[in-house]
Every structure is written in C-alpha cells, then in structure tokens.
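Have the structure open while you read.

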Amino acid sequence: MFKFVVKGTGFSSVDPKNVEIFEEALFCISESGTIAKVILPEDEEYQSTIQAYSMKNQFQNLKKGQFILPGFIDLHIHAPQWAQAGTALDLPLYEWLNTYTFPLEAKFSDLVFAEQVYSDLVSQLIKNGTTTAMYFATVHRQASRRLAEICSEKGQRGLVGKVVMDDPEQNPEYYRDESPSTALAETELFIQEIIELNKRTPQGVYPVVTPRFIPSCTDASLKGLGALAAKYDIHIQSHCSESDWAHDFVRKRFGKNDAFALDDFGLMTEKSVMAHCGFLSDQDMKLFAETGTAVAHCPISNVYFGNAVTPIAKLLNQYQVEIGLGSDISGGFSPSLFDNIKQAVMSSRMLEDGVDKECCIEKRGVSNSRISLNEAFYLATAGGGQALSLPIGRLAVDYAWDIQIIDSSELPIFSKEEPLMAIFQKLLYLSRPDNIVEVWVQGRKVHDKSMKELEVQM
C-alpha cells in the first residue's frame, strides 16, 4: 500500500503563527513520493503498520534526538553568483552589479565553468536542507538549461529562469541580450526545453520567465515576457522595489511604482514571485494580494542592498500577501535558510524598535512590525510552497515527502522533559549543515551525511 513508512517526531506549520508537532508519528509515503497518510501513536493501526513495514524492510525509525522538518524552499537565488558568495559586498547595488556581478555572470558563456559552479551550488543547497530552489541563471540559454539539468540529476526541485536584460543603455555591451526579439526567442526555446526535461524529472523542474528587473529591460521585452508566461502558464520572477535606486528609476521611467509597472506588462500573476519589495506602498501591497503575486523576502541581502526593512508583518497580517524566504545568493552571503530565518526575525524587531537612539521612542520604529520564529519558519517552508502554488513545505497528506532530518545530539538539550517546542526553537536557531543527516525530495533520498556521494535513483 505504501512505498515505505518513517517513524519520527516532526514539526510543520499549520498557518503563519502556529506549528503542529507530530510526536512519534508514522509518515506513510506513496509510490509517487507524497505523504499518503499520517498515523499517530493513539491510532488503531499504529502498531500493526510498524510491524507490517518492518517485516518488508520498508520502515525507518529515526534515532533518538533526530527530528523531521519540511525541506526549505528558497525563492530567490542568483545561481552564477555562488562563485562570489561571501565576497564583494562593499558597494551599493548599482555599483555592485557593474563592478562585480555582471563581469562574473558574463563568464557563464563557458559551459565548463557553468557546470563547475552550478553543480557545486545545487549540492551545497541540498546539504543545507533546501529541497526546492528558484533560480536566476544568466542570459546564456545553454548554461541556464544545464542548471536545470543539474537540479534534475541531483534530485532537487528546481525552478530556473534564463535571465533577460536587453536594454543597451542600462547593460554592458559584453553582457546582455542582443535585442528584444533575440531575448524572447531564446526565452521561448528555453521554456520548451525545460518543459521537456520536466517530463523525466520526478520531483519537477520548471521554466521561469525572468526579466532581471525593470531597469535592465526594454518595454518590448517586458511585454513579450508577459505574453510568454501567459502562453505557457508558467512562473515569473523578478525584483520589485528593491532599493532606493531601483525604486526611483522605475518611478522616473513610468511615473508609477514597480508593482504597477510590472502589472501593466502582465508580470504580476498567481505564479509570480517578486524579490525584496522593501519600498511597497499600501496600494502596491493591495495589488500583490489581488493578483496573487508572492514576495521573496531576502532578509540578509536586504541588509546589504535593500536600504530598508521589508514590512513582512504588514504584508502577512494586513494584506494576506503570499511570502516565502530567499537567500539571494550572493547579495546574501549564506546558502542556509536557517540563517535567513534568524535574520528575518531580527530585522523585523529592528524595524519595530527602530535603530536611531537620537529619535524619540514614539517615532523610532514602526509598530506591529515584528514577526515570530514560527512565522519565519512558515516563510521558509509552507509559505514558500504557497508562493509557488505547489504541494510542498508541509508535513501533510498529499504533500511531497520533501524533508530534512536534523540530529540534535550536539545542541544544548540536557533534559528528557524539555518541551518539544523548546527543542523546535533550538533546531531553528542552532542547526548548521552538519546537523542535517538526511534530505529527501519527492520520496527519494538526495543527501545522506554518512555517505560521501549519494547517487539519486531516477
């Protein structure tokens, strides 16, 4: 009836504020890699299920001190920038792009170099518990396709976009699409190639329409990309109101904010994910909610380039906008969403409390801005799944068995009576990649700490 059964204690978001604990539950996994049933210790079939699947050698009993978390969903990664992660964070956004990032991304015309960087990145993300990743690649179609193939081969669920940046006035001659027509033709071919690749990828790999951001694109390419997304009914990703410079650029060009300009080109849809969004107005937030467009919150990156703290609590609670987390490699230095969970909480508290001690306490911060650890966990898991309109990010029936198994033996847990919610908090605040002993995607093991190299069976 089931492919296999796993016994263990897991944590999963019910909603942004509440976490459900599955203590010593049996997770019954279907042949297609989804959770077919969850059996609790008090259920009648609990012991008989353990016995039956133990006899079949299809039963895994987690070791003492091991816990299950849903796999993380990273909504915003610049894959080529992995080669400069942890460096080059000393300049404002516009200067950073032209000084460091565009020269690096231009190198991905070399498929050997692309293979080296992308293969290492996907492996490192899996080791960090990221089971689904949404990637910006580069303008190069072949290298972008190779990134999608690597996701397919290594077992990660990937959403990959060939980047479009065709405006000759805003992009360097050595790194841009030749023309709007070339950009659109290459994008459509890329879409068709990844749709074919997805047919032989059990966990899913998806093409994403990817205008880098409005300052990089002509009106013709933006309009054409909106049409392609509608034609193929696929995801869209870009940046929206990321920084003072980017936000002001769009206002001067169109006389409106990013969100409304993107919407004019058909780029704000239920399958759209917009990164950063630090300068959204209330009208912008309402448009996000009305169109179903999601926000990729990149809290570490925003510290370096965002010029503001994105008001996550307001987006979640007042406008019910769909939100997930993004590492924004390499604007964010860390590939770990554990790090971004922590930073999301810290940044929200800084927004609420304010940072200028010279300002009076009544005006120093923005009230009701803090988010809880539970909410940050939701963003990294269930919120990301909702943003992508995919059944991922929860320990729930009909959701993919995308999980990470965390070993807590090196964490400061000294009492057998320690509440599970306290352990949950320690897992999120203190876990590092070495604590992740296994990672599974769509019912297949893609990382095992005890094995140097794991061959994923397709």
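This is a predicted model: local features need pLDDT of at least 70, side-chain atom pairs count only at pLDDT 80 or more; totals for chains, interfaces and linings use all residues.

## Strand β11 and its partners

Strand β12 covers residues 272-276, and β11 pairs with β12 in the parallel sense over five bridges.

Strand β10 (residues 205-211) also pairs with β11, again in the parallel sense, this time over two bridges. Val208 has His235 as its bridge partner in β11. To get from β10 to β11, the chain passes through helix α6 (residues 219-232), and this β-α-β crossover is right-handed.

## Covered on both sides

How many residues of β11 (residues 235-240) are buried? Six of its six, so to speak a mostly covered strand. In a regular strand, side chains alternate between the two faces of the sheet. Here, one side of β11 carries His235, Gln237 and His239, while the other has Ile236, Ser238 and Cys240, and all of these are buried.

## Helix α3

Now for a helix. α3 runs over residues 111-127, and its 17 residues reach 24 Å from first C-alpha to last, close to the 24 Å expected at 1.5 Å a residue. At its start, a side-chain oxygen of Asp110 comes to within 3.0 Å of the backbone nitrogen of Val112. After α3 comes Gly129, with a positive phi near 85 degrees.

Which residues of α3 are buried? They are Ala114, Val117, Tyr118, Leu121, Val122, Ser123, Leu125 and Ile126. In an α-helix, residues three or four places apart point the same way, because there are 3.6 residues a turn. The buried residues of α3 pack against several elements: β6 (72-78), β7 (130-136), α4 (141-154), β16 (436-441) and β17 (444-448).

Terms used: Residues are numbered from 1 along each chain as its sequence is written. Side-chain values use heavy atoms; hydrogens and water are left out. Buried means under 20% relative accessible area, exposed over 50%, partly exposed in between (1.4 Å probe, protein chains only). Helices (H or I, at least four residues) and strands (E, at least two) are DSSP runs, numbered from the N terminus. Two strands pair if DSSP finds at least two bridges between them. A crossover is right-handed if, with the strands pointing away from the viewer, the path from the first strand over the helix to the second runs clockwise. The expected span of a helix is 1.5 Å times one less than its number of residues. Contact means heavy atoms within 4.5 Å. A polar contact is a pair of N or O atoms within 3.5 Å; within protein, one must be able to donate a hydrogen and the other to accept it, and residues adjacent in sequence count only if both atoms are side-chain atoms.
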